[in-house]
Amino acid sequence: MKSTICKDDLLSLGYKPYTAMMIVRQAKQIMVQKGYPFYNNKRLGYVPREVVEEIIGVSLEGENHSA
């Protein structure tokens, strides 16, 4: 299982494109607030799975991903 997640992974879970983009954007903001300036980059599209799980409130442990 991957420890990071991107917009395409969220799309495959059934989220709408704009919602998936906003979840990734919010996760990046949280990571910057936690002290990881690496995530303050427009081109970076991968965020930690744990942060996404906190945002959406659902565990993604059992999900299968094709990527």
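Leaving aside its neighbours within four places in sequence, which residues is L10 in contact with? Taking contact as heavy atoms within 4.5 Å, the list for L10 reads I5, Y15, A20, I23, V24 and V52. The structure is a predicted model, in which local features need pLDDT of at least 70 and side-chain atom pairs count only at pLDDT 80 or more, while totals for chains, interfaces and linings use all residues. Residues are numbered from 1 along each chain as its sequence is written, and side-chain values use heavy atoms, with hydrogens and water left out.

First, the overall layout. The chain has 3 helices and 2 strands, where helices (H or I, at least four residues) and strands (E, at least two) are DSSP runs numbered from the N terminus. Read from that end, the elements run β-α-α-β-α. Of the 67 residues in the chain, 28% are buried; buried stands for under 20% relative accessible area, exposed for over 50%, and partly exposed for what lies in between (1.4 Å probe, protein chains only). Take the contacts between residues at least 6 apart in sequence, and 51% of them join residues at least 24 apart.

L10 turns up again in the largest nonpolar core, a set of 13 residues in which I5, L10, A27, Y39, V47 and V52 touch the most other members. Such a core is made of buried Ala, Val, Leu, Ile, Met, Phe, Trp, Tyr and Cys residues joined through side-chain atoms within 4.5 Å. Helices α2 (17-33) and α3 (49-56) each put in at least two residues, and the largest share, 5 residues, is from α2.

Helix α3 has R49, V51, V52 and E53 buried. Its buried residues are covered by elements that include β1 (4-5), α1 (7-12), α2 and β2 (47-48). Just past the end of α3, G57 takes a positive phi of about 75 degrees. S59 also sits in the segment after α3 and is partly exposed, at 46% relative accessibility.

Setting aside neighbours within four places in sequence, T4 is in contact with D9, Y46, V47, P48 and R49. T4 and V51 are 47 residues apart along the chain, yet their C-alpha atoms are separated by 9.3 Å.

Next, the aromatic rings. Rings of Phe, Tyr and Trp (its six-membered ring) pair if their centres lie within 6.5 Å, and planes under 30 degrees apart count as stacked, over 60 as edge-to-face and the rest as tilted. The count by this rule is 1 aromatic pair. F38 and Y39 have ring centres 5.5 Å apart and planes at 80 degrees, so the pair is edge-to-face. F38 is exposed, with a relative accessible area of 55%, whereas Y39 is buried, at 13%.

Finally, the largest pocket is lined by M21, V24, R25, K28, K42, L44 and G45. A pocket here is an open set of points on a 1 Å grid over the protein atoms alone, where a 1.4 Å probe fits, with protein on both sides within 12 Å along at least five of seven lines; lining residues have an atom within 4 Å of a point.
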